Structures are given as C-alpha cells and as structure tokens.
Amino acid sequence: MRAVKIAYKPVGLILGAVSGLLAGALFRQTWRMLGHDEHVPEATDEDRSWQEVLLAAVVQGAIFAGVHAAVDRAGAVATRRLTGAWPG
C-alpha cells in the first residue's frame, strides 16, 4: 500500500497541473458568460470595483476547488481500479 502512495505522487502532480489548466479555461469561459470582458480583474486593478474584484475571486476559487477535487478523486478511483489500493 505504501508503494502505491509513493507511485501516485508523480501522477498526482501531473493531475494537479491538468486540473489547473482545465479550471483556468473553465473560469475564463464562465467569466465571459457572466457578461464580463475577457480581462479578469485582479485585486490591484485600480479601475475595477471592489464588487467586481471579489466576485471574480469567489467564482474563480469555487471553480478551481471543484475541478481540482473532481480530478483528484478521478485519479484516486482510477488508481484503486488499477492497483486495488487507495492512494490517499
């Protein structure tokens, strides 16, 4: 079982990178669907309101957390199916 955890580490890193890319793309698409321009506001954008900056941060955080959890869970389930052991 310990070997599965060790072997899963590089897989988990790759899945983390993939989930970040997927979440970023999904967030940009969601931000446009919410009726905002393509440039996502940053906390230091002087010409953006508090409301817009905080809304972007909350939406982005929720999407990133959800995608990351889904990808991590799918990787763990796939590892169990392949090895018979849970990697976590």
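Let us begin with Gln-29, which is found in helix H1. Helices here are DSSP runs (H or I, at least four residues), and strands are too (E, at least two), numbered from the N terminus. Is Gln-29 buried, exposed or partly exposed? At 43% relative accessibility, Gln-29 counts as partly exposed; buried means under 20% relative accessible area, exposed over 50%, and partly exposed lies in between (1.4 Å probe, protein chains only). Between the C-alpha atoms of Gln-29 and Ala-57, which are 28 residues apart along the chain, there are 15 Å.

A few notes on reading the model: it is predicted, so local features need pLDDT of at least 70 and side-chain atom pairs count only at pLDDT 80 or more, while totals for chains, interfaces and linings use all residues. Residues are numbered from 1 along each chain as its sequence is written, and side-chain values use heavy atoms, with hydrogens and water left out.

## The nonpolar core

The largest nonpolar core has 11 residues: Tyr-8, Leu-15, Ala-23, Phe-27, Trp-31, Val-40, Ala-56, Val-59, Ile-63, Val-67 and Val-71. Helix H1 (2–33) and helix H2 (50–83) are the elements that give two or more residues to this core. The term stands for a set of buried Ala, Val, Leu, Ile, Met, Phe, Trp, Tyr and Cys residues joined through side-chain atoms within 4.5 Å. In soluble globular proteins, nonpolar side chains tend to be buried together.

Leu-15, in helix H1, touches Tyr-8, Val-71 and Gly-75, not counting residues up to four places away in sequence. Val-40, leaving aside its neighbours within four places in sequence, is in contact with Phe-27, Trp-31, Asp-45 and Ala-56.

## Helix H2 and its cover

How far apart are the end C-alpha atoms of H2? They are 49 Å apart, which agrees with the 50 Å that its 34 residues should span at 1.5 Å a residue; the expected span is 1.5 Å times one less than the number of residues. After H2 comes Gly-84, with a positive phi near 85 degrees.

Buried residues in H2 include Glu-52, Val-53, Gly-75, Ala-76 and Thr-79, and H1 is among what covers the buried residues of H2. Ser-19 is in contact with Val-67, His-68 and Val-71, leaving aside its neighbours within four places in sequence.

## One salt bridge

How many salt bridges does a search of the whole structure find? It finds one, and the side chains of Glu-52 and Arg-48 form it at 3.0 Å, N to O. A salt bridge is a side-chain nitrogen of Lys or Arg within 4 Å of a carboxyl oxygen of Asp or Glu. Both Glu-52 and Arg-48 are buried.

## Out in the loop

Our last stop is Glu-38, in the loop between H1 and H2. Glu-38 is exposed, with a relative accessible area of 61%. The C-alpha atoms of Glu-38 and Val-59 are separated by 15 Å, and these residues are 21 residues apart along the chain.

Note on methods. Contact means heavy atoms within 4.5 Å.
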